[in-house]
Amino acid sequence: MLGSFTTSTVATTPFEGQKPGTSGLRKRVKVFQQPRYTENFVQATLQAIPSPGAAGSVLVVGGDGRFFGQEAVQIIIRIAAANKVAKLIIGQNGILSTPAASNLIRKRKATGGILLTASHNPGGPENDFGIKYNVSNGEVDSDGANRMIAVLREMVSTGKSKAVGTDFDGFVIADCDDFAYTDPVDGSVSTKQGVRFVFTDGSRIIFRLSGTGSHGATVRLYVEKYTSNESLFEADTQAGMKDLIDVALKISKLKEFTGRDEPTVIT
């Protein structure tokens with residue numbers, strides 16, 4: 001039998017700068033270690049879970065193994081219990097890669113997942129930590145997604161001389177390809193890893209397709225924007241990248257092919 005526990009309500013105050021971007025909340029480890037800082041963000045995340053809310057939900061929890069990860073998992077466990085979360089699926093020692101967590105969310109039909117990662121940012125006590133919430137992954141129609149990727153591949157293979165130099169609202173295509181990856185260990189080559197458009201200012205967009213079974217597919221759009229304007233470095237990520245995202249949608253005609261007006265997951 002499960003032991004009983006008591007729930008305490010702790011008075012707290014808001015922290016500046018806790019608005020998450022497309023990659024969640026990323027700060028220095030020492031920021032997350034401040035008293036009640038991580039607790040505040042986890043509580044706010046649980047309160048933001050769409051109806052019916054956190055009570056009775058099933059959440060996947062894990063991260064990339066960086067410093068402060070295990071402490072954060074313990075905080076999440078306590079606050080999830082206080083919010084009557086029904087079940088937590090936690091990686092061993094708190095470790096789950098982002099793709100593994102996304103897969104678990106789908107396979108276990110979880111409400112969502114709390115991922116502890118700062119992606120490629122350096123880890124350690126003097127470096128970065130991050131928390132982000134992933135909703136349950138949605139899928140798009142396989143046929144529409146496949147047709148979209150086929151059109152993009154045709155564009156970069158036979159029509160590359162036509163695509164290069166094309167101006168999309170100020171973003172000029174410098175190069176495009178269906179890139180391949182060579183494993184540095186065994187030398188094996190993986191082809192068709194994503195349709196990539198690189199722009200003259202250094203920005204780029206990549207389209208990838210996964211899960212193309214009979215029931216649906218997942219279209220992944222990666223957006224990387226370059227700017228030298230220091231005033232934009234701390235701006236809201238989604239707002240700052242909107243113009244390039246609009247270009248990606250225009251090039252791919254994603255809405256027309258898939259019928260989706262907005263993503264189901266932003267990371």
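## Gly63 and Leu116

Gly63 stands opposite Leu116, a residue of β4. The model described here is predicted. The strands β2 and β4 are paired in the parallel sense, over 5 bridges.

Once neighbours within four places in sequence are set aside, Leu116 is in contact with Gly62, Gly63, Asp64, Gly69, Ala72, Val73, Ile76, Phe129, Gly130 and Ile131.

## The sheet

β2 and β4 belong to an open sheet of 5 strands, whose order is β1-β5-β4-β2-β3. The pairing in this sheet is mixed. At the edges stand β1 (25-28) and β3 (87-95). Each of these two has a single partner strand, so one side of each is left without a neighbour in the sheet.

On average, neighbouring strands of the sheet are turned by 10 degrees against each other, direction ignored. The helix α2 lies across β1, β2, β4 and β5. Its direction is at about 10 degrees to β5.

## The nonpolar cores

How many residues does the largest nonpolar core have? It has 24 residues, and those with the most contacts inside it are Leu46, Ile114, Leu116, Phe129 and Ile131. At least two residues of this core come from each of α1 (29-32), α2 (37-47), β2 (58-63), α3 (69-82), β4 (112-116) and β5 (128-135). Which element gives the most to this core? That is α3, with 6 residues.

How values were computed:
Residues numbered from 1 in each chain as written. Predicted model: local features only at pLDDT ≥ 70, side-chain atom pairs only at ≥ 80, totals over all residues. Heavy atoms only, no water. Core = buried A, V, L, I, M, F, W, Y, C linked by side-chain atoms within 4.5 Å. Buried < 20%, exposed > 50% of the residue type's maximum accessible area, 1.4 Å probe, protein only. Helix = DSSP H or I, 4+ residues; strand = E, 2+ residues; numbered from the N terminus. Contact = heavy atoms within 4.5 Å. Pairing = 2+ DSSP bridges. Axes fitted to C-alpha atoms, helices over the stretch in contact; angles between N-to-C directions.
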